[in-house]
Amino acid sequence: RDLNSKILINQFFKLTGIKKTKISFIMNHGWKYSSNSKPLRIKSYWNSSMKIGVCGDWFVGSRLESGWISAMDLFKKINV
């Protein structure tokens, strides 16, 4: 695990208040610019049986707030 992943994971658990569990796989990637001229039909994806979710700016579109909109949508799906 690299230092950035450790920081991101620790901040995630701190901010969400979710109990930290064993993490079996970590992969993250970031980039400065994103563009999606054809947004997906969903704002985020949540699989409740596997307890895994995906969100990102590319779900919603190419605007700065697209990532936030996707993350909030996933948050609502998790906290049903």
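This note sets out numbered points on a predicted model of a single structure.

1. Basis of the note. The structure is a predicted model, in which local features need pLDDT of at least 70 and side-chain atom pairs count only at pLDDT 80 or more, while totals for chains, interfaces and linings use all residues. Residues are numbered from 1 along each chain as its sequence is written, and side-chain values use heavy atoms, with hydrogens and water left out.

2. Overall layout. The chain holds three helices and two strands; helices (H or I, at least four residues) and strands (E, at least two) are DSSP runs, numbered from the N terminus. Read from the N terminus, the elements follow the order α-β-β-α-α. The C-alpha trace spans about 35 × 30 × 20 Å along its principal axes.

3. Of the 80 residues in the chain, 16% are buried. Here buried means under 20% relative accessible area, exposed means over 50%, and partly exposed lies in between (1.4 Å probe, protein chains only). Among contacts with a separation of 6 or more, 28% come from residues 24 or more positions apart; a contact means heavy atoms within 4.5 Å.

4. Length of helix 1. Helix 1 covers residues 3-16, and its 14 residues should span 20 Å at 1.5 Å a residue; the end C-alpha atoms are 20 Å apart, which agrees. The expected span is 1.5 Å times one less than the number of residues in the helix. Gly17 follows helix 1 and has a positive phi, near 75 degrees.

5. Which residues of helix 1 are buried? They are Ser5, Ile9 and Phe13. These residues cover an arc of only 60 degrees around the axis, so they are on the same side of helix 1; the arc is that of the directions from the helix axis to the C-beta atoms. On the other side, Leu3, Asn4, Leu8, Lys14 and Leu15 are exposed.

6. Aromatic pairs. How many aromatic pairs does a search of the whole structure find? The search finds two. In one, the ring centres of Phe12 and Phe13 are 5.3 Å apart and the planes are at 75 degrees, so the pair is edge-to-face. Phe12 is partly exposed, at 43% relative accessible area, whereas Phe13 is buried, at 13%. Trp58 and Phe59 form a stacked pair, with 4.3 Å centre to centre and 25 degrees between the planes. Trp58 is partly exposed, with a relative accessible area of 35%, and Phe59 is buried, with 4%. By the rule used, rings of Phe, Tyr and Trp (its six-membered ring) pair if their centres lie within 6.5 Å; planes under 30 degrees apart count as stacked, over 60 as edge-to-face and the rest as tilted.

7. Gly53 lies in strand 2, residues 52-54, and is partly exposed because its relative accessible area is 33%. Leaving aside residues up to four places away in sequence, Gly53 touches Tyr45, Trp46 and Leu74. Gly53 and Asn4 are 49 residues apart in sequence and 20 Å apart in space, C-alpha to C-alpha. Ser49 is in the loop between strand 1 (45-47) and strand 2, and is exposed, with a relative accessible area of 66%. The side chains of Ser49 and Asn47 are joined by a polar contact of 2.8 Å. A polar contact is a pair of N or O atoms within 3.5 Å; within protein, one must be able to donate a hydrogen and the other to accept it, and residues adjacent in sequence count only if both atoms are side-chain atoms.

8. Ser70 in helix 3. Is Ser70 buried or exposed? Ser70 counts as buried because its relative accessibility is 0%. Ser70 has its place in helix 3, residues 66-78. Not counting residues up to four places away in sequence, Ser70 touches Lys43, Ser44, Cys55, Gly56, Phe59 and Val60.

9. The salt bridge. Side chains of opposite charge can pair when their charged atoms come close. A salt bridge is a side-chain nitrogen of Lys or Arg within 4 Å of a carboxyl oxygen of Asp or Glu, and the count by this rule is one. The side chains of Asp73 and Lys77 form a salt bridge at 3.0 Å, N to O. Both residues lie in helix 3, four residues apart, about one turn of the helix. Asp73 is buried, at 18% relative accessible area, while Lys77 is partly exposed, at 29%.
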